[in-house]
Amino acid sequence: MSTVYVFGHKHPDNDSILAAVMLSQLMNTLEDGNTYVPRRLGEMPLESAAILKSWEFPEPEYLDEIPAPEPGQERQKVILVDHNEEVQSVHGLSNAEVVGVVDHHRIADFSTHKPIFFITLPWGSTATIVLYLFHCYEITPTVAQLSCLLSAMMTDMVMMKSPTTTEIDRQFVENIGEILGLDPVDFGMNIFTNRATDKYTPDEMVAHDIKGFVINGKRVFIGQYETVDKNIALSRLPELRAAMESFRKEKNADTLVLAVTDIMEEGSQILMCGDKSLPERGLGIEDEPGGVWLPGVLSRKKQIAAPILAAATA
Ligand SMILES: [Mn+2]
């Protein structure tokens, strides 16, 4: 009988929040004796707050860190969703007992003493995997749950335009659309509009969806700011570059890459600061004052982080 915290990565995106909430709800339905409680490691994305509110689901509370257990106390049990790298996870993760991982990213630095619930699949979103788990446990998701899962799927796969989208994702999306009687693409457009992208400050554009990596001992942050009109963000370029530099210094990082992804034009404007050699090599570009436009680049994981990581080992 334990309380198990379920949370996505720091600077959470819609998938990290909704996959944590939906997986907690699924696990609680199974009544395995534990209580699963979703948490978040950063600010609520606007679209996640909007959809949870519309279904009257409470927002997950903020989790700052996991303290070391008092003598005789058991470690806090946790399930990581949408990430598995320590650098992207909660402060004090080593004080916790990781009892599960549900993720769709590379496996970086993971090892355990005991067997655990470890499910990673190279699908387009963690929400797709959570939906698959509903099927595995023969639990029928409610309309509210399907709607939340579809929201996370559509943002994480950028309306299914992202190259991370698999045939399985497409089938699940189509299936939810039929059950809910809606067009998934129209539904996804509404989710993106809920982001009200022009409301973000340059600091928020940098910080609201950013992931840290340790590459050959260097700390590299890769952020992604998704918008329906990149020109609004890029009209504030000097402030944006200043915000990038101050984030990098604050995190004591060597390199920061920011992708301003335009989901309508289907590409990303790449900005970088600090030591640019690794991302320049990985992406095959040279930074310019206004950044570099990479058409077709929508996925941080596959089209930005992966080539940068590959360049480090080449
Ligand atoms: Mn994800």
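Predicted model: local features only at pLDDT ≥ 70, side-chain atom pairs only at ≥ 80, totals over all residues.
Residues are numbered from 1 along each chain as its sequence is written. Local features need pLDDT of at least 70, side-chain atom pairs count only at pLDDT 80 or more, and totals for chains, interfaces and linings use all residues, while side-chain values use heavy atoms, with hydrogens and water left out.

Student: Which residues are the protein donors of the manganese ion?
Tutor: Donors are N, O and S atoms within 2.8 Å of the metal (3.2 Å for Na, K and Ca), and water is not among the atoms, so sites may look incomplete. In sequence the donor residues follow the spacing D-x66-D-x21-H-x51-D. Lying 2.2 to 2.4 Å from the manganese ion, they are Asp15 (OD), Asp82 (OD), His104 (NE2) and Asp156 (OD).

Student: Does aspartate 15 count as buried or exposed?
Tutor: Buried means under 20% relative accessible area, exposed over 50%, and partly exposed in between, with a 1.4 Å probe and protein chains only. Aspartate 156 has 19% relative accessibility and therefore counts as buried. Aspartate 15 has 0% relative accessibility, so this residue counts as buried.

Student: Which residues lie closest to the centre of the largest cavity?
Tutor: On a 1 Å grid over the protein atoms alone, a cavity is a set of points where a 1.4 Å probe fits but cannot get out, and lining residues have an atom within 4 Å of a point. About 290 Å³ of space lies in the largest cavity, a volume being the space filled by probe spheres set on points joined across faces, edges and corners. Of the 25 lining residues, the closest to the centre are Asp13, Asp156, Gln224, Glu226 and Arg300.

Student: How many charged residues does the lining of the largest cavity have?
Tutor: Asp, Glu, Lys and Arg count as charged, Ala, Val, Leu, Ile, Met, Phe, Trp, Tyr, Cys and Pro as nonpolar, and the others, Gly among them, as polar. By class, this lining has 4 nonpolar and 10 polar residues, and the charged residues number 11.

Conventions
1 Å grid on protein atoms, 1.4 Å probe; cavity = no way out; pocket = protein on both sides within 12 Å on 5 of 7 lines; lining within 4 Å.
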